[in-house]
Amino acid sequence: MSLPARFVILIVIVLNRNIDRLMRGLIYALLAISGTGILVMIAVTCADVLLRLVRHPFVGAYDIVRIAGILTLGAGLPYTTAVKGHVAIEYFFHKLGRRSRIAVDTVAHTLVIALFGFLSWRSAVYGQSLYTNGQVSQTLEIPIYWTAYVVSLSCGIVTLITAYHMLHPGKELIKP
């Protein structure tokens with residue numbers, strides 16, 4: 001093998017490692033946001049219940065729980081996809097031959113990439129319309145456009161993770 005070909009292969013290997021590291025960092029950052037969202041929902045709900053006992057409800061609890069729920073669900077998707085934690089029915093899949101399994105897996109991955117690519121694009125468009133219209137939450141009047149951007153980012157990362165799983169069959173991006 002010639003020296004330029006070896007150099008190109010080395011560059012591809014280095015880029016592949018850096019992309020994996022970057023994706024893992026983004027996935028873990030979004031996972032931290034998701035976990036924080038769960039803690040916020042628990043804390044606000046408990047505080048609201050306790051404050052209602054003394055007839056002073058937590059003003060804006062609904063807004064905070066709603067925003068935290070959006071962040072929890074959206075930001076949790078990349079990690080769940082990376083560890084292949086989605087529900088799958090594999091009974092019929094294992095009854096197929098090797099070539100059929102590869103074909104079904106490729107079609108499924110392609111559909112997931114198309115779906116989450118579309119969701120990422122539409123979430124970004126929706127976030128822009130929320131920003132343009134100045135949409136805010138009901139009680140606290142917090143701007144909410146940024147939640148759609150977080151969901152858009154998460155869906156975009158899910159497409160990258162699915163492409164990674166398609167290009168590296170059997171290799172996990174993150175071990176649970």
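Among contacts in the chain between residues at least 6 apart in sequence, what percentage join residues at least 24 apart? In this predicted model, the share of such contacts that join residues at least 24 apart is 73%. The chain contains 5 helices and 0 strands, and its elements, read along the sequence, follow the pattern α-α-α-α-α. Of its 176 residues, 27% count as buried, while the accessible surface comes to about 11,800 Å², with 70% of that area belonging to carbon and sulfur atoms.

Helix H2, which covers residues 61-82, has 22 residues and reaches 32 Å from its first C-alpha to its last, close to the 32 Å expected at 1.5 Å a residue. After H2 comes Lys84, for which phi is positive, near 55°. Arg66 also belongs to helix H2, and this residue counts as partly exposed because its relative accessibility is 33%, a value that falls between the limits of 20% for buried and 50% for exposed residues. Once neighbours within four places in sequence are left aside, Arg66 is in contact with Gln138 and Ile144. The C-alpha atom of Arg66 is separated by 8.4 Å from that of Met41, although the two residues lie 25 residues apart along the chain.

The structure holds 1 salt bridge, which Arg52 forms with Asp48, the closest N and O atoms being 3.1 Å apart. Side chains of opposite charge can pair when their charged atoms come close. Both residues are in helix H1 (residues 3-53), and because Arg52 and Asp48 are 4 residues apart there, about one helical turn separates them. An α-helix has 3.6 residues a turn, so residues three or four places apart point the same way.

A nonpolar patch on the surface is formed by Leu115, Phe118, Leu119, Trp121 and Val125, which together have about 470 Å² of accessible area. One of these residues, Trp121, is found in helix H4, which covers residues 98-133.

Notes: Residues numbered from 1 in each chain as written. Predicted model: local features only at pLDDT ≥ 70, side-chain atom pairs only at ≥ 80, totals over all residues. Heavy atoms only, no water. Patch = residues over 30% accessible without salt bridge, like charges linked within 9 Å, V, L, I, M, F, W, Y side chains within 5 Å. Areas by Shrake-Rupley, 256 points an atom, 1.4 Å probe, with all protein chains shown as cover. Salt bridge = Lys/Arg side-chain N within 4 Å of Asp/Glu carboxyl O. Helix = DSSP H or I, 4+ residues; strand = E, 2+ residues; numbered from the N terminus. Expected span 1.5 Å × (residues − 1). Buried < 20%, exposed > 50% of the residue type's maximum accessible area, 1.4 Å probe, protein only. Contact = heavy atoms within 4.5 Å.
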